[in-house]
Amino acid sequence: MAFQKAVKGTLLVGGGALASVLGLSQFAHYRRKQVNLAYVEAAECVSEPVNKEPPSREAQLLALQNVSEFDILVIGGGATGCGCALDAVTRGLKTALVERDDFSSGTSSRSTKLIHGGVRYLQKAIMKLDIEQYRMVKEALHERANLLEIAPHLSAPLPIMLPIYKWWQLPYYWVGIKLYDLVAGSNCLKSSYVLSKSRALEHFPMLQKDKLVGAIVYYDGQHNDARMNLAIALTAARYGAATANYMEVVSLLKKTDPHTGKERVSGARCKDVLTGQEFDVRAKCVINATGPFTDTVRKMDDKNATAICQPSAGVHIVMPGYYSPESMGLLDPATSDGRVIFFLPWQKMTIAGTTDTPTDVTHHPIPSEEDINFILNEVRNYLSCDVEVRRGDVLAAWSGIRPLVTDPKSADTQSISRNHVVDISESGLITIAGGKWTTYRSMAEDTINAAIKAHNLKAGPSRTVGLFLQGGRDWSPTLYIRLVQDYGLESEVAQHLATTYGDKAFEVAKMASVTGKRWPIVGVRLVSEFPYIEAEVKYGIKEYACTAVDMISRRTRLAFLNVQAAEEALPRIVELMGRELNWDDYKKEEELETARKFLYYEMGYKSRSEQLTDRSEISLLPSDIDRYKKRFHKFDADQKGFITIVDVQRVLESINVQMDENTLHEILNEVDLNKNGQVELNEFLQLMSAIQKGRVSGSRLAILMKTAEENLDRRVPIPVDRSCGGL
């Protein structure tokens, strides 16, 4: 029977029931390895992955359609949903997972990037003698240690500084942080310590030094959240789970229990978002792990179900790396409105956040200008007056919706515990809600335990503690050196590949294109200032990337680091994806447009455009206006009142600088507010006014014109690369 299924192209393999499209040679290969092709009876059978590589999306869709009944169907491909799938499949349960968008497309990719126990939760636990908060912190600290162990390439300990500006705060915070170490016990990453004022400024030189007493440094973990989520999904797929992104649940299936006569949830009607195809996926148990959309699925089960999720929006911004030290974060424990702000180095940039405000549930949360400015103002309070915190230095901004569990006694979302709730409806739908990124694994374990008990499933205990995620098993801190030596990659690119893909980095390196240069030999970058290379686009498709948005935001993190750089890389990314996925010209244009909208609305590009418009005020001193007019007229020699590409080319040629016409067009287009193909004097003055106010930074036209003015006689080449590319 198994052989007949293999010939037809569908085969059920271990770790649950994964349908793979197999040829006869692959079938024979599995036979030689003596893999149980029908099913796995006990957890011991899945101590190792059943697939060397995750099966293709097409193979996963075949599995979802052809398996008569799964043990577990998980709805939701965030950290918790993927964690549930991995926990279930490694126990020997036939497991499926569907996600209406991409893995980690929601809250799981829009976090503060910390793996932490929750210092402020411990404070609340002590101040309010709240044993629930204490247990949550202790559990999170255990999970923090486990996550750092199972995905060492994607995570690392990070020292975080808590600056002290009042003497009485020093012993108060010191006791609190030492208790944090004590609760962690053997899972303590490194012991916290106190710094004098001078030592604190050595470690964090951009810190506000007036009235600074000293600082306390403690350790938490940091990770690449979207890549971590993807690693969990890929690991589940390798162990045998049938996982598919872009599969929307249209409705829940139900059948009557012959023993009780009651209706029971028995699966879901699913729709392939990419093709429109619909089919049923049947399962003994359905798990709702949809984060902010928890109540949407619950109401599919019971339209009268009461809401248990209270969504809260958290906005983060990304700024240039020079705003913080490379290896030291900052915690503001008490902002002007009582919230906590983190200021952290991440991917060679600086991430700041977060806000915490009630919000409506949406698939496309947008960061507000009010929240962005709130974060900037809080950052200004802690940085030296020598550091001008500019609105124009915001390179990206995003909003994530936290799925908080409602506490009826709470008046605001800040006091709601991030602890999780496992709920079982009368029809057997299991919902996992609340919690936090760090505790995804223990949340999944609790959920599968509840599923096994409620649905009488046969399975062993959880096996996910210490279970390496995709890329983690053979990673080492020196792995990147082999990539440099064996493939001729730049050191920066090699380090990036090693910390993104772990031991799978060699597979990406094998796909890398030859540069045609003496060095690096391979590895063509997608954009000059970031280490992402074209080979990652091809590899990203193997990791289930289906759209350009998947590629710029979750396979690479370009959209989260610099939206201008992401937009610059988009055409090449779409071209490469189109070649691999056989997109026609219409599909390519559609992908470009969708990705640009994503950057514009969800990643902060809209805020950039609002900093400089044709309605922007000109707030300059008369002397500044005269100075800028003189600079403008060096390009507008004919006194037309505007400059064009021809005018700029003429000035550049006079100082022996060559620049291609497309680049010049892009530079002028950044300032051409009314889009008439030329830059008027008024537009130039609006630009210079916005730069003075800090609303705009890194304008290539402004830098080019200033440098040309200074170097017309000296014939010095003019730099025109983006300067940070701020929003």
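Arg579 pairs up with Glu575 in a salt bridge, with their closest N and O atoms 3.2 Å apart. Both residues sit in helix H19, four residues apart, which is about one turn of the helix. Glu575 is partly exposed, at 37% relative accessibility. Keep in mind that this is a predicted model.

In total, the count comes to 38 salt bridges. Side chains of opposite charge can pair when their charged atoms come close. Another example is Arg282 with Asp280, at 3.9 Å from N to O. Here Arg282 comes out as partly exposed at 38% relative accessibility, and Asp280 is partly exposed too, at 29%. There's also a network of salt bridges, linking Asp102, Asp550, Arg554 and Arg555.

## A buried pair across the chain

Arg227 and Glu543 meet through their side chains in a salt bridge, 2.8 Å from N to O. This one ties together distant parts of the chain: Arg227 belongs to helix H9 (residues 225-238), Glu543 to the loop between H16 and H17, and the two are 316 residues apart.

Is Arg227 buried or exposed? Its relative accessibility is 4%, and buried means under 20%, so Arg227 counts as buried. Glu543 is buried as well, with a relative accessible area of 4%.

Now for H16 itself, which covers residues 535-542. Six of its eight residues are buried, so the helix is largely enclosed by the rest of the structure. The buried ones are Ala535, Glu536, Val537, Tyr539, Gly540 and Ile541.

What do those buried residues pack against? Their partners are four helices: H14 (491-501), H15 (505-511), H17 (548-555) and H19 (563-581). That last one is the helix holding the Arg579 and Glu575 pair. After H16 comes Tyr544, which has a positive phi, near 75 degrees.

Tyr172 is part of helix H7 (residues 169-184). With a relative accessible area of 37%, Tyr172 is partly exposed.

## Cysteines

How many disulfides are there? The count is zero. A disulfide is a covalent bond between the sulfur atoms of two cysteines. As for individual cysteines, Cys270 is buried at 0% relative accessibility, and Cys309 also counts as buried, at 10%.

Note on methods
Residues numbered from 1 in each chain as written. Predicted model: local features only at pLDDT ≥ 70, side-chain atom pairs only at ≥ 80, totals over all residues. Heavy atoms only, no water. Disulfide = S-S within 2.5 Å. Buried < 20%, exposed > 50% of the residue type's maximum accessible area, 1.4 Å probe, protein only. Contact = heavy atoms within 4.5 Å. Salt bridge = Lys/Arg side-chain N within 4 Å of Asp/Glu carboxyl O.
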